[in-house]
Structure formats: C-alpha cells, structure tokens
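This report is written for a reader who is meeting the structure shown below for the first time.

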Amino acid sequence: MPPSLPRLGFSVGDLAGIGPEVIYKTLLDERLLKICTPVIYGTATALFDDFPVDPDAEHLTFRQLRDAADIAPGRLNAVTCWDEDFVLAPGKPSPATGQAARESLLAASRDLKAGKLDALVTAPISKDNTQSDEFRYPGHTEFLTTFFGAPESLMFLVDEGGLRIATVTGHIPLKDVPGRLTAELLRTKITLLLKSLTQDFGILKPRIAVLGLNPHAGENGLLGSEEADTVTPVIQQFAQEGHLVFGPFPADGYFGTQQFRQFDATLALYHDQGLIPFKLMAFERGVNFTAGLPVVRTSPDHGTAYGLAGQFKASEASFRAAVYLACEVWRQRWEDAQPRSAR
C-alpha cells in the first residue's frame with residue numbers, strides 16, 4: 001500500500017457558481033478523510049462562511065494555512081490564496097470571482113508541481129470570466145498541459161459504470177476541427193489513450209473504438225473523405241502493431257446500439273461528439289480526467305451553473321466522483337511505479 005493518503009488540492013473555481021457548494025457538500029462526508037487529505041485553495045471564510053448554504057447544514061472547520069507544506073492529515077486544510085475581502089453574489093460572476101478562480105488554480109498547480117500535493121481536483125470555472133492578460137487559456141486542460149510541460153494531453157470523460165470517452169480535439173470551434181485532424185494528432189491521442197488505460201486504469205490490453213468525423217463515417221467518401229484519408233490508415237497502423245484499435249464507427253449508430261459497451265474506451269474526434277452522449281448517460285456522476293499529464297487532475301463533468309448557485313440544490317455527486325477517481329488513479333500510478341518484486 002502507498003505510505004500515506006494522497007494530498008488532494010481543490011481549486012475553487014468561480015465563486016459565483018456552484019463550486020463552493022459542491023465542495024462543501026462533498027466535505028460533509030467524514031469518510032473522505034479516510035481516503036485522502038483535502039486541501040482547499042482559498043480562504044474558508046470566503047468559500048463557506050460568506051456563501052449561502054442550507055441553514056440546517058453542518059458547520060465545517062478548516063485548518064487555515066499559508067503554506068501547503070504545513071497541511072495536516074486527517075483534517076480539512078485551506079491554503080490562503082488572497083487576503084482582500086469581496087462580496088459574493090451567487091449567480092453573478094465578476095472580475096473578482098474570475099481573479100479568485102485564477103489565483104486558486106495557480107496556487108494549487110504550483111504546489112502540485114513542487115510536490116506539496118499528490119493530485120488536483122478542479123471546481124468549474126467560467127472560461128470567459130477567468131481570462132486575463134496573464135491567463136489566456138480556453139480551459140483547465142489547456143492551462144495544465146502548458147503549466148506541466150506536457151507535449152499533449154487528452155480530455156478523458158470517465159464514469160464509474162465503465163463508460164470512458166476521450167476526444168481528439170477539445171475547446172476549438174467546430175469549423176476548425178477538420179483542419180486540426182491530422183494523422184499525427186490522431187496517433188498522438190490514441191497513444192495517450194492506450195497508455196492511460198494501462199497506467200491509470202490497470203487495463204493490460206485495452207480495446208479502443210475510434211469514431212468517424214462525418215455522418216455515417218463518410219459513407220465510403222460520399223459524405224466526406226477524412227475517414228479514408230486520415231482516420232482509417234492510422235487505425236490500421238495501430239492494428240498492425242498489435243493494438244486493439246477499431247473503427248471508424250458512425251457515432252449515431254455506435255451510441256444508439258450501445259456498441260460502446262464492447263470497448264474499454266471510445267475516442268471521439270471533437271468535443272460535442274463525445275461529451276453529448278457522455279453527459280446524457282452519466283451527467284451527475286461523470287468525471288473529466290486529464291490524461292497525459294505527469295500529475296493527476298480530475299474535475300466534475302459540469303460547469304459553473306450560475307442559475308443554480310446560492311439555492312443549495314446542486315448535486316455534489318460528480319465532484320465527489322472526481323475526488324474518488326483522483327485517489328484511484330494516484331494509487332494506480334504509485335503501484336505501477338513500484339518494482340515488481342515489491343508488489
């Protein structure tokens with residue numbers, strides 16, 4: 001077994017959204033302290049004392065710190081990321097809540113890189129409200145890929161029931177997808193997916209399905225040539241190397257007939273092709289995992305939900321699942337790194 005419980009950093013996301021609520025509800029379960037040491041990045045006052053919660057909800061006590069090096073196992077820890085006070089208005093993002101989201105994410109990421117944390121769980125940000133002159137990223141995935149120096153990463157949606165969907169392209173306009181879909185990029189993403197399924201999920205010989213770009217996967221070139229020109233040759237190359245990679249499959253029939261259950265993971269070619277079916281089937285329990293990073297990062301599969309903020313009606317199920325998955329992947333990587341004689 002690992003020598004200690006993983007130290008999980010929680011970035012708070014946009015404070016005007018449901019991030020504080022789902023974190024709060026997740027931490028109410030004391031069993032969490034038996035699987036990890038939570039470290040919240042942001043003042044406990046701003047996050048919980050000032051945030052409207054159910055009047056009957058239990059009060060949480062945090063150990064407020066300046067340095068994550070001082071975190072205490074078996075306690076709820078909070079690292080101070082800002083000193084200034086600001087008024088929280090649930091559902092109303094502001095420059096202040098965008099700045100708080102940036103500072104929380106940056107502080108947690110720095111501590112993760114420095115080895116003060118073992119994994120990171122990120123609450124939702126507003127991609128627009130988080131932008132600044134120093135932060136120009138479409139989302140968490142792109143920032144973390146750059147910050148940790150990974151050549152590439154993989155947006156990987158995971159459900160505890162076994163549904164796993166990754167995407168080749170991420171937060172880019174749909175009109176730009178065909179131009180980005182090169183054989184080199186597709187090979188890179190399939191390689192990352194194969195490695196993650198083995199390293200992070202313990203699947204020794206994973207089976208992967210690749211979706212087509214066009215309706216009916218191009219219909220033999222009638223509805224598009226990307227499958228014949230790019231996708232199929234790459235799949236054939238992996239098959240020749242002994243990997244269980246199949247496709248391209250027409251996305252509608254593939255999900256409609258539940259063919260995805262025959263595979264360990266599905267590789268969609270663009271964001272909505274993968275995320276729409278995933279959220280239809282696993283919205284309140286799914287997790288967004290960033291594969292390909294040298295560190296472990298997960299997040300819930302939902303956004304800030306400003307319209308729900310402040311009502312104490314948000315479900316914490318996806319955030320809690322993100323915590324569990326971060327612990328499981330961290331433990332899997334730790335075990336994988338041990339010499340065989342020590343396992």
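## Two domains

The centres of domain 1 and domain 2, taken over C-alpha atoms, are separated by 28 Å. Contact between them, meaning heavy atoms within 4.5 Å, takes 23 residues from domain 1 and 20 residues from domain 2. The domain assignment of the protein gives 1-150 + 293-342 as domain 1 and 153-289 as domain 2, and such bounds come from an automatic or database domain assignment.

This is a predicted model, in which local features need pLDDT of at least 70 and side-chain atom pairs count only at pLDDT 80 or more, while totals for chains, interfaces and linings use all residues. Residues are numbered from 1 along each chain as its sequence is written, and side-chain values use heavy atoms, with hydrogens and water left out.

## Where the domains meet

The area buried between domain 1 and domain 2 is about 1,700 Å², of which carbon and sulfur atoms give 55%; buried area here is the accessible area (1.4 Å probe) that two parts lose on being put together, summed over both. Between the two domains the count is 1 salt bridge, a term for a side-chain nitrogen of Lys or Arg within 4 Å of a carboxyl oxygen of Asp or Glu.

Across the interface of domain 1 and domain 2 there are 7 residue pairs in polar contact, both residues being at pLDDT 80 or more. A polar contact is a pair of N or O atoms within 3.5 Å; within protein, one must be able to donate a hydrogen and the other to accept it, and residues adjacent in sequence count only if both atoms are side-chain atoms. On the side of domain 1 that touches domain 2, helix H4 (140-147), strand E12 (296-300) and helix H10 (317-337) each supply at least two residues, and the largest share, 9 residues, comes from H10. Helices (H or I, at least four residues) and strands (E, at least two) are DSSP runs, numbered from the N terminus.

## Salt bridges

The whole structure holds 10 salt bridges. One of them joins the side chains of Asp67 and Lys116 at 2.9 Å, N to O. Asp67 lies in the loop between strand E3 (63-65) and strand E4 (77-79), and Lys116 in the loop between helix H3 (95-113) and strand E5 (119-122), so the pair ties together parts that are 49 residues apart in sequence.

Arg285 and Asp159 also meet through their side chains in a salt bridge, at 2.8 Å, N to O. This pair links distant parts of the chain, 126 residues apart, with Arg285 in the loop between helix H9 (271-282) and strand E11 (287-291) and Asp159 in the loop between strand E6 (154-158) and strand E7 (164-167). Asp159 counts as buried at 6% relative accessibility, whereas Arg285, with a relative accessible area of 37%, is partly exposed; buried means under 20% relative accessible area, exposed over 50%, and partly exposed in between (1.4 Å probe, protein chains only).

## Buried parts

In helix H1 (residues 19-27), 9 of the 9 residues are buried, so this helix is largely enclosed by the rest of the structure. Among the buried residues of H1 are Glu21, Val22 and Lys25.

Ala291, which lies in strand E11, counts as buried at 0% relative accessibility. Leaving aside its neighbours within four places in sequence, Ala291 is in contact with Ser153, Leu154, Phe156 and Ser196. The C-alpha atoms of Ala291 and Val22, which are 269 residues apart along the chain, are separated by 23 Å.
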